[in-house]
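Please read the points in order alongside the model.

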Amino acid sequence: MNNTSVSVIVPTYNRAYLLGEAIESILAQDITDCDLEIIVVDDGSKDNTQEVVRRYGDRVRYIRQENQGAGVARNRGVDEARGDWISFLDSDDRWLPYKLSLQFKVLEHFPGSKIIHSNFHTFDGDKIIIPRGLDFWVNWSRGGDAIN
């Protein structure tokens, strides 16, 4: 992979208590040869979201807007992004440390791709309660049982 950049957009609303874990999971990516731009779009939080983001200094860009919903916050992040690629991470989610490097390996095999997504796990604390969540929701939407 040639040097590329990824803008990671993190929309948030009153999730200061989880936001640090989301940011840490981005910063812990094992990818090399890639510049990460982290953009937190605060959708009018009334908690200490700004203080949490401030701890990361210039590694995270903070944008505050009036509360307009997660979709508007995501779009604002896209408008502000400067990376070659856009990625989204909700503020109550975390990435595994190899998420981006694995996705770029897939892109090496499919160089014309414009979009890529991945599976996910659903946790309750540190316990996985739904493994392979994408499989689960696709199967569920077709009227099937949960896949474990």
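1. Two strands are said to pair if DSSP finds at least two bridges between them; strands (E, at least two residues) and helices (H or I, at least four) are DSSP runs, numbered from the N terminus. Strand S1 (residues 4-12) and strand S2 (residues 34-42) pair in the parallel sense over 9 bridges. Within this pairing, the bridge partner of serine 7 is glutamate 37 in S2.

2. This is a predicted model, in which local features need pLDDT of at least 70 and side-chain atom pairs count only at pLDDT 80 or more, while totals for chains, interfaces and linings use all residues. Residues are numbered from 1 along each chain as its sequence is written, and side-chain values use heavy atoms, leaving out hydrogens and water.

3. The open sheet has 4 strands in the order S3-S2-S1-S4, with parallel pairing. Strand S3 (60-64) and strand S4 (85-88) are the edge strands, each pairing on one side only.

4. Valine 106 belongs to helix H4. Is this residue buried, partly exposed or exposed? Valine 106 is partly exposed, because its relative accessible area is 36% (buried means under 20%, exposed over 50%, partly exposed in between, with a 1.4 Å probe and protein chains only).

5. Isoleucine 31 is found in the loop between helix H1 (16-27) and S2. With a relative accessible area of 13%, isoleucine 31 is buried. Isoleucine 31 and proline 97 are 66 residues apart in sequence and 8.4 Å apart in space, C-alpha to C-alpha.
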